[in-house]
Amino acid sequence: MSKTAFIGHRQLCGKGIYQRIENSIEEIILEQGCNNFTMGTYGEFDNLALNACRNLRKKYKDINIEIVLPVYIRLISIRTIIEM
């Protein structure tokens, strides 16, 4: 089982970055048979990669997406869930 990770910059400059990310993910799916993707949740790049994977999941139903959360966010989320 192969896995590809996308963890990137907080802010991005340039045009057409989303399309380049989506094209790269689709290439990885088709040429390498990878359908497991891991991404961060902090910056613009992470958000674009996540959205590209979600969009491609419509076409490739077997895409699995793992989200990596920083520890402090995870602790806040766990506390919020416990308090609900």
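Start with confidence. The protein has a mean pLDDT of 81, and 77% of its residues reach 70 or more. Helix α1, residues 17–32, is where confidence is highest, at a mean of 94. Helix α3, residues 71–83, is where confidence is lowest, at a mean of 53. Where pLDDT is low, predicted coordinates should not be read in detail.

Next comes the sheet. Three strands make up an open sheet, and their order is β1-β2-β3. The pairing is parallel. Strands β1 and β3 stand at the edges. Each has a single partner strand, so one side of each is left without a neighbour in the sheet. From one strand to the next, the twist averages 25 degrees. Between β1 and β2, the parallel pairing runs over three bridges. F6 has M39 in β2 as its bridge partner. Helix α2 packs on this sheet and touches β1, β2 and β3. The direction of α2 makes about 155 degrees with that of β3.

Now turn to the rings. The structure holds two aromatic pairs. In one, the ring centres of F6 and F37 are 6.2 Å apart and the planes meet at 25 degrees, so the pair is stacked; the cut-off for stacking is under 30 degrees. F6 belongs to strand β1 (residues 4–6) and F37 to strand β2 (residues 36–39), so this pair ties together parts that are 31 residues apart in sequence. F6 and F37 are both buried.

The other pair brings in F45. The ring centres of F6 and F45 lie 6.3 Å apart, with planes at 45 degrees, so the pair is tilted. This pair also links distant parts of the chain. F6 is in strand β1, F45 is in helix α2 (residues 44–57), and 39 residues separate them. F45 is buried, as is F6. Together, ring pairs link F6, F37 and F45 into a cluster.

E26 has its place in helix α1. Is E26 buried or exposed? Its relative accessibility is 18%, so E26 counts as buried; the cut-off is under 20%. Which residues does E26 touch, leaving aside those up to four places away in sequence? The contacts of E26 are L56, K59 and Y60.

Notes
Residues are numbered from 1 along each chain as its sequence is written. This is a predicted model: local features need pLDDT of at least 70, side-chain atom pairs count only at pLDDT 80 or more; totals for chains, interfaces and linings use all residues. Side-chain values use heavy atoms; hydrogens and water are left out. Rings of Phe, Tyr and Trp (its six-membered ring) pair if their centres lie within 6.5 Å; planes under 30 degrees apart count as stacked, over 60 as edge-to-face and the rest as tilted. Helices (H or I, at least four residues) and strands (E, at least two) are DSSP runs, numbered from the N terminus. Buried means under 20% relative accessible area, exposed over 50%, partly exposed in between (1.4 Å probe, protein chains only). pLDDT is the predictor's confidence in each residue, from 0 to 100. Contact means heavy atoms within 4.5 Å. Two strands pair if DSSP finds at least two bridges between them. Axes are lines fitted to C-alpha atoms, for helices over the stretch in contact, and angles run from 0 to 180 degrees between N-to-C directions.
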